[in-house]
Amino acid sequence: MSTDPDVSRRGAIQSTLAGGIGISLPSPAPRPPSTAEAPGMSPSSGVSQAAGCGRPDFTERSAALTPDRTAAGACQFCNCNCRLLVDLKAGRIIGVRGEESDPVQAGGLCVKARMMPELVYNDMRLTTPLRRVAGRKGSADSRFEAIGWDEALETMARKLLELRDAGEAHTIANRTSGRMLRGTGALVARLFAMLGSPNDSDVGPVCNDAGADALAATFGLGHFTNGYGVDAATGREDSGAARHLLLLGTNQAETHPVTFEHLLRERRRTGATITVVDPRLTPTGAQADRWAAPKPHTDYALVLGMLHHIVTTGRHDREFVSRWVLGFAELRDHLVHHGYTTAWAAAVTGLPEAVITAMAEEYAAAGPAAIYCNAGISHQTSAFDTYRALTFLAAVTGNIGVPGGGCNFMHNTWPGELKLPPLRAEVPTRPPALPIGPDSFAEAILTGRPYRLRAIVAQGNPLIASAHTHRVREAFERLEFFVYTGLFMEEPARYADLILPVCSGLETEGVYMRRDDRAVRWQEQAVPRRGASRTDPEIWIGLAHALARLDTRRPAAEWHAAFPEKWLEYGALWADFVDHTPGMAGMTEQRMRGRAEPLRWPCPSTAHPGVSTLYLDHPTWYEAADSLGPGNRGKRFLTPSGKAEIFTPRLQDRLAPSGHGALPVFYTHPEVTGDHPTLRYRSAFIANPLHPGALAHPVTIGPRSGRPPHGAYPLMGMTGRPSVVHFAGVTHWTRTGEQLNGVRLVQIHPRTARASGIADGDPVRVESPRGSVTGTALLWEGIREDTVFVPNTFGPAQRVGDLFGAPRYEPANVLCDDGFYDNLSGQQAYKCFACRVVRGGA
């Protein structure tokens, strides 16, 4: 990876902290050889590294360490989708290398690459199905016994059929996660349709669904708009062509290190400026020309202030707006009517007005300018509306449908819904699904509203991922039947009736994770599976065949026809996805196997290069758009009008029943300090206007009700990834992950810490109205004085850290209130909670 100092440093950083004080920080300290590596870590996880820096490679010509086979795999730890060249000797992994022929990856890997083999060679792996035999659900004395797959799947099948036959099919739910082979969700949906349950959900509400919802409402597709690297259709650099990058709520240096380094390499060529918006200084902010630190949960006000300045001072792109945008005049009048000026935004965010004005003018003038966002925006009560306002920012400045522009909202990436051949069997009518959001599971179990859940299958870890963890635990204690599938005995496994072991990424073939820019990579199986572990598609196909054996109402032939045995081979399953999914005809296994680079969706034929820039005025985009549906012929934007839609009467009528509208009205989390409008949730249910098959609670926007909690809890807390070392909870089950970052380091401003008698390295307890968690104080000047950062993804079952003496922590989401969320996308509000920090541990 690059060692160019111009990539890793960018001079003085303009910053704004609590109280609106602008400061300049010195250049970052000298860095390790790559921005994508952790200190002391080499870019490859094994011995088969290239010499690279002029040093001799003593593995060269080594009889013992020369690989006898190399598998082309892929990393499953983030959405960079790096290729892993997995070197093997005598069937064992001896090293992993990055793909040098991929110009975006450029041979690079981050520290997490070495953890992929650690998932394979791990003595804590689940290797056989287990059945509960004793112990209260959730208790440490829960005991399980090993059983075979047939018994495990038939136990599941009996319970699901029992509920179906009692007219309770809708009380069965599933929640998928990002760790599975792609297309598993389509298999779950198929099986649930045949059972009669509407509750096949995914991880989106704790990830980034709101961005997809906003992109779809404004532009027609809910996907990351621009690609990394050269667009094969035009021969031009896409994302790297940006002259200005506006990053809000995204710490890409740690969450997407390899693709972020690509942007930094291209920035050296273009001279692009970078503005990073984040309440704390991160390695991403350290690369920026400007770091702006607003109050948590006030990005919405910042964007509205920028929009007001651009549209009222004539800095918008008049030609683009006239030709391609609906609702500009309504937006301008709305912003003026509500007084969303830069001065108003400064008062809400705590940023100087001059900073907001400069940000607006720089973004509008750069041409092209790109917006990047991640969980920092998604995990807010106003997630959908904030993302919508950001799409307006791109639309009014003409920064959509152009290389180097766009709204690149992380994880809104998968190439549409993967489709299978139509079901020939009759399916029962299903009631509406539970409200969008995984915490609706807990609500339904505990209160029976809108109906009580009785059985759940989970492919993720809801006890780390969900807000108000104590309440979620209580729900899973009461749940009648729970099946957990996973690699390790994570905390939810203690609540399970059945535990099913799955394969790690290097033990299977197919399509796993994907790059944020809709790019998909085929991976080869590198090593044999551990024990009796199975892939998730195999589990669901096996369950369908168990249902066929036991179902007395539906003929076995219907189950077998719906889930043919050939799909147990992933290549055959993928081929059916390619044949039946719009826009995917060119994404064949054979084509992807032959590429060093991933292939982007949409890609309607094997002769098509794949689309890099969505909505680009180019024949390859129109061809791809046409393949996505007959109503798209000739359209640039895939909205009803064929234009970017800020306001239309149809969109207003669609959103109004939920309490939202086509035009943005400001509100924020009730635990943000100050006096701001917030959401009030009504107890009634309506059809979710963005997800019509599900229910939603409508909201009203108004003053905060009740007394603010800030007397007892004067600080604002936010959660996020601990560092580049970790991804979700799975890396905490590797020795490397726990060695490097097994201590929860709570970031506190030195002045805030001194006021509470806290010194650097002290044990501390962060308390909120919901609960408390422990950690170690990390005094950090690069955070607002009114804000505390609590790393998430730690959990009490992560025993691998015991080797290093690392504590077993409560999940950070104990601190968050599940009652505050985006009622449209279901996004939970992890980015603000009232809290205090006190010295001392548990």
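A salt bridge is a side-chain nitrogen of Lys or Arg within 4 Å of a carboxyl oxygen of Asp or Glu. This tour visits several of them in a predicted model. The structure holds 46 salt bridges.

**Stop one.** Select aspartate 576 and lysine 566. Their side chains meet in a salt bridge, with N to O at 3.6 Å. Aspartate 576 sits in helix α20 (residues 570-580), while lysine 566 is in the loop between α19 (556-562) and α20, so the pair links parts 10 residues apart in sequence. Color by accessibility next. Aspartate 576 is buried, at 9% relative accessible area. Lysine 566 is partly exposed, at 47%.

**Stop two.** Move to arginine 593 and glutamate 509. They form a salt bridge, and the closest N and O atoms are 1.8 Å apart. Find arginine 593 in helix α21 (residues 589-593) and glutamate 509 in the loop between β20 (498-501) and β21 (514-515); the pair therefore ties together parts 84 residues apart in sequence. Arginine 593 counts as partly exposed, with 35% relative accessibility. Glutamate 509 also counts as partly exposed, at 24%.

**Stop three.** Select glutamate 767 and arginine 765. Are these side chains buried or exposed, or in between? Glutamate 767 is buried, because its relative accessible area is 13% and buried means under 20%. Arginine 765 has 23% relative accessibility and counts as partly exposed. The two side chains meet in a salt bridge of 2.8 Å, N to O.

**Last stop.** Now select Lys159, Glu162, Glu168, Arg454 and Glu480 together. Salt bridges with shared partners join these residues into one network.

Methods
Residues are numbered from 1 along each chain as its sequence is written. This is a predicted model: local features need pLDDT of at least 70, side-chain atom pairs count only at pLDDT 80 or more; totals for chains, interfaces and linings use all residues. Side-chain values use heavy atoms; hydrogens and water are left out. Helices (H or I, at least four residues) and strands (E, at least two) are DSSP runs, numbered from the N terminus. Buried means under 20% relative accessible area, exposed over 50%, partly exposed in between (1.4 Å probe, protein chains only).
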